[in-house]
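Subject: Structure handover

Hello,

Here is the structure I promised to pass on. Please open it alongside this message; my notes follow below.

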Amino acid sequence: GGYGGYGGYAAGPAPLKVGPRDRGRLVYVGNLPFRAAWQDIKDMFKEHGEVIRVDIAQDWDGRSKGYARVLFEKEEGAQAAIDALNEVEFQGRNMMVRFDHLV
């Protein structure tokens, strides 16, 4: 099965495939500045746990949609990142960080 309708993803050859096994490890990061790079996001989030992948959602023309998904190795890392980074300022905007509800 697939997850359609999200547009393209950056930072990898294929879209991030997630499923029920990723519940509790996938974090939604909203209100990102459009200029934010996936590496900047990964560097910030990896302070809280091992990050497997960062995907910034993109429009059909390759521009950022202003949100990303971060997949952690362990649930503890995801929870620590949410606790530490929700509503924290990043490149001039306050991020919204929560568990992703799509899995």
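Start with Arg69, which is buried at 8% relative accessibility. Bear in mind that this is a predicted model. The side chain of Arg69 meets that of Asp100 in a salt bridge, 2.4 Å from N to O. Arg69 sits in strand S4 and Asp100 in the segment after S7, so the pair ties together parts that are 31 residues apart in sequence. Asp100 is buried too, at 6% relative accessibility. The cut-off for buried is under 20%, so both partners pass, at 8% for Arg69 and 6% for Asp100.

Other salt bridges

The structure holds 6 salt bridges. One of them joins Asp22 and Arg21, at 2.9 Å from N to O. Asp22 is buried, at 1% relative accessibility, whereas Arg21 is exposed, at 63%. Arg21 and Asp22 also belong to a network of salt bridges with Arg25.

Another salt bridge links Arg63 and Asp61, with the closest N and O atoms 3.0 Å apart. Arg63 is exposed, with a relative accessible area of 55%. Asp61 counts as partly exposed, at 34%.

Strand S2

How many of the residues of S2 are buried? The count is 5 of 5, so the strand is mostly covered. In a regular strand the side chains alternate between the two faces of the sheet. Both faces of S2 are covered. Leu26, Tyr28 and Gly30 are buried on one side, and Val27 and Val29 on the other.

S2 has antiparallel partners. With S4 it pairs over 4 bridges, and Leu26 stands opposite Leu71 there. A further 4 bridges join S2 to S7, again antiparallel. In that pairing, Val29 stands opposite Val97.

Helix H1

H1 covers residues 38–45, and its buried residues are Ile41, Met44 and Phe45. Viewed down the helix axis, these fall within an arc of 90°, so they line one face of H1. An α-helix has 3.6 residues a turn, so residues three or four places apart point the same way.

What do the buried residues of H1 pack against? Their contacts include strands S2 (26–30), S3 (51–58) and S4 (64–72). Helix H2 (75–85) is also among them, as are strands S5 (89–90) and S7 (96–99).

When you look through the model, I would begin at the Arg69 and Asp100 pair, then turn to S2 and its two pairings, with S4 and with S7.

Best wishes

Terms used. Residues numbered from 1 in each chain as written. Predicted model: local features only at pLDDT ≥ 70, side-chain atom pairs only at ≥ 80, totals over all residues. Heavy atoms only, no water. Buried < 20%, exposed > 50% of the residue type's maximum accessible area, 1.4 Å probe, protein only. Arc of directions from axis to C-beta. Contact = heavy atoms within 4.5 Å. Pairing = 2+ DSSP bridges. Salt bridge = Lys/Arg side-chain N within 4 Å of Asp/Glu carboxyl O.
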